[in-house]
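Me: Please examine the model shown here with me, one question at a time.

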Amino acid sequence: MYFSTVLLAAASASLAQAATTIPVQVGNSGALTFVPNDIKANVGDSIEFSFFPKNHSVTQSSFADPCHPLAGGFFSTFIPTNSSEASETFTIVVNDTKPIWIYCAQTVKSHCQSGMVASINAPATGNTLAAFNTYATTYATAYGTTYTTDATQQVSTSFGSGSSPTKSSGAGSTSVSTTAQPGAATALAANGAMVGAMMLGALALL
């Protein structure tokens with residue numbers, strides 16, 4: 001029994017050590033892109049999003065509805081920055097290997113419809129990142145737009161089981177863990193900005 005316990009502890013430690021942090025740049029050099037956008041991650045890996053001018057978000061969606069927030073999905077809030085990389089980052093921890101679909105919810109210049117999308121562990125065939133991008137870029141004609149309700153849904157959303165988001169405001173700051181607990185969305189929003197200001201967040205610096 002003792003031997004088995006030691007082996008299990010060693011295996012757990014090995015898995016913990018193998019977890020890595022994958023950096024993703026959001027809107028670098030003014031491009032409406034996530035770099036990289038086709039992210040491959042193992043369970044336990046962290047995806048850390050850094051934000052560049054002017055004002056972007058990391059918002060979870062579904063494959064079939066690419067430019068609307070997924071009910072129960074994560075939302076970074078909008079992260080405005082004027083001329084350099086923002087001090088805030090947004091990090092999610094991958095809890096399983098199911099595909100995760102991501103877009104920027106900035107409606108000025110229609111970032112999602114312009115192809116500002118990404119995926120985590122998208123399959124190589126079928127529902128691929130390329131197919132998701134095609135859905136996004138044809139979204140306005142295929143689905144229409146309901147941006148006002150998008151903002152409301154993002155404020156009230158709580159987080160699902162596929163990932164565990166955390167938002168950080170730079171060195172020495174307090175990160176708020178936003179795993180799937182009651183009030184998680186409120187905690188995340190309060191760490192970045194007042195909830196009441198989120199409706200105007202998409203317009204900051206634009």
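This is a predicted model: local features need pLDDT of at least 70, side-chain atom pairs count only at pLDDT 80 or more; totals for chains, interfaces and linings use all residues.

Me: What percentage of the residues count as buried?
Reply: Buried means under 20% relative accessible area, exposed over 50%, and partly exposed in between, with a 1.4 Å probe and protein chains only. The chain has 206 residues, and the buried share is 40%.

Me: Which residues does a cis peptide bond join, with omega about -5°?
Reply: Most peptide bonds are trans. The bond joins Val35 and Pro36.

Me: Where is Lys54, to which the peptide bond from Pro53 is cis?
Reply: The bond from Pro53 to Lys54 has omega near 5°. The place of Lys54 is the loop between strand E4 (46-51) and strand E5 (55-56).

Me: Is Asn121 buried or exposed?
Reply: Most residues other than glycine have a negative phi. Asn121 is not a glycine, yet its phi is positive, about 60°. This residue is found in the loop between E10 and helix H2 (129-137). Its relative accessibility is 13%, so Asn121 counts as buried.

Me: What is the relative accessible area of Ser110?
Reply: Ser110 also has a positive phi, about 50°, although it is not a glycine. Its loop runs between strand E9 (100-103) and strand E10 (117-120). Ser110 is partly exposed, and its relative accessible area is 25%.

Me: Which residue forms a salt bridge with Lys40?
Reply: A salt bridge is a side-chain nitrogen of Lys or Arg within 4 Å of a carboxyl oxygen of Asp or Glu. A search of the whole structure finds one. Lys40 is partly exposed at 49%, and its partner, with the closest N and O atoms 3.4 Å apart, is Asp38.

Me: Which backbone nitrogens lie 2.9 Å from a polar atom of the side chain of Asp45?
Reply: Asp45 is buried yet has no salt bridge; Lys40, the nearest side chain of opposite charge, is 12 Å away. Here Lys and Arg count as positive and Asp and Glu as negative, with His and the chain ends not counted. At 2.9 Å from the Asp45 side chain lie the backbone nitrogens of Thr20 and Asn42.

Me: How many aromatic pairs are there, and what is the angle between the planes of Phe75 and Phe78?
Reply: Rings of Phe, Tyr and Trp (its six-membered ring) pair if their centres lie within 6.5 Å; planes under 30 degrees apart count as stacked, over 60 as edge-to-face and the rest as tilted. By this rule the count is eight aromatic pairs. Phe75 and Phe78 form an edge-to-face pair, 5.8 Å centre to centre, with an angle between the planes of 80°.

Notes: Residues are numbered from 1 along each chain as its sequence is written. Side-chain values use heavy atoms; hydrogens and water are left out. Helices (H or I, at least four residues) and strands (E, at least two) are DSSP runs, numbered from the N terminus. A polar contact is a pair of N or O atoms within 3.5 Å; within protein, one must be able to donate a hydrogen and the other to accept it, and residues adjacent in sequence count only if both atoms are side-chain atoms.
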